[in-house]
Amino acid sequence: MSPASGMLLDETLLFDPILLQELDWSSSTVSFSPPINPSKPGEGLILRPLCLGDLDRGLYKVLSQLTVAGDVTKEQFKAKFEHMKKTGDYYAIVVEDTNLGQIVATATLIIEHKFIHGCAKRGRVEEVVVSDVCRGKQLGKLLVSTLTLLSRKLQCYKITLECSQKNVEFYKKLGYTASEETYMQCRFFD
């Protein structure tokens, strides 16, 4: 099912794209110059939910620019995708360069269900990465702004993310503030 074989890719989407189309951009304080938005992210680009075929469109090539993405088989990817789709709490979005048929950026919103705040929901942004060939086109800003608005639409009481110190100023420009909490971890695998 790779593009090279001439077979069609599986276009099953992780979530309904109408959620992205219905976002209220009038409530966003982020500005783009030149103007872009999820329906018009740039020449030859489309922003959409992740789909199964994106494994063959270089999703892991982009993710590996962020961290160790690992070697994943089509079966592993499909099983994880189906799990995420079934829970309904994962909103991975991608930017595809339609001229190349390749993913050039991605980010994920994960919804956590809490007992606190009256059994509220919290959004968490993960795995924000723009391919080095597309940096400087405001795609990171667009991805994070889109997921921020989506978390509000999904009625999260807050949205959080973790970032390296070098990216703090970038996220501040998008309306995020540093928390008093300290990020701690206990890593089991590298």
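## Close-up views of a predicted model

**View 1. Two antiparallel strands sit side by side.** In this predicted model, strand 2 (residues 90–97) and strand 3 (residues 102–113) run antiparallel and are joined by 8 bridges. To find one of these pairings yourself, look for Asp97, whose bridge partner in strand 3 is Gln102.

View 2. How far apart are the end C-alpha atoms of helix 5? They are 21 Å apart, which agrees with the 21 Å that 15 residues should span at 1.5 Å a residue. The helix is mostly covered, with 11 of its 15 residues buried. Among the buried ones are Leu139, Leu142, Leu143, Leu147 and Leu150, along with Gly140 and Ser145. Just after the helix comes Gln155, with a positive phi of about 65°.

**View 3. Strand 4 has a partner on either side.** Which way do strand 3 and strand 4 run, parallel or antiparallel? They run antiparallel, joined by 8 bridges. Within strand 4, Arg124 stands opposite Ile110. With strand 5, strand 4 pairs in the parallel sense over 5 bridges. Here, Val125 stands opposite Leu161 of strand 5.

**View 4. Some backbone angles are worth a second look.** Most residues other than glycine have a negative phi, and most peptide bonds are trans. What is the peptide bond from Ser33 to Pro34, cis or trans? This bond is cis, with omega near 0°, and Pro34 lies in the loop between helix 1 (18–21) and strand 1. Cys119 is not a glycine, yet it has a positive phi of about 60°. You will find Cys119 in helix 4 (residues 116–119), where this residue is exposed, with a relative accessible area of 56%. Gln138 also has a positive phi, about 70°, although it is not a glycine. Gln138 is found in the loop between strand 4 and helix 5, and at 16% relative accessible area it is buried.

View 5. How many disulfides does a search of the whole structure find? The search finds 0. Cys51 is in no disulfide, and the nearest cysteine sulfur, that of Cys134, is 17 Å away. Looking from the other end, the closest cysteine sulfur to that of Cys134 is in Cys51, and because the gap is 17 Å, it is too far for a bond. Cys51 is buried, with a relative accessible area of 0%, and Cys134 counts as buried too, at 4%.

**View 6. How confident is the prediction?** The protein averages a pLDDT of 93, and 96% of the residues score at least 70. Residues 1–5 are a place for caution: pLDDT stays under 50 there, and the model has 12 contacts for them beyond four places in sequence. Where pLDDT is low, the predicted coordinates should not be read in detail.

Definitions and conventions:
Residues are numbered from 1 along each chain as its sequence is written. This is a predicted model: local features need pLDDT of at least 70, side-chain atom pairs count only at pLDDT 80 or more; totals for chains, interfaces and linings use all residues. Side-chain values use heavy atoms; hydrogens and water are left out. A disulfide is a pair of cysteine sulfur atoms within 2.5 Å. Buried means under 20% relative accessible area, exposed over 50%, partly exposed in between (1.4 Å probe, protein chains only). pLDDT is the predictor's confidence in each residue, from 0 to 100. Contact means heavy atoms within 4.5 Å. Two strands pair if DSSP finds at least two bridges between them. Helices (H or I, at least four residues) and strands (E, at least two) are DSSP runs, numbered from the N terminus. The expected span of a helix is 1.5 Å times one less than its number of residues.
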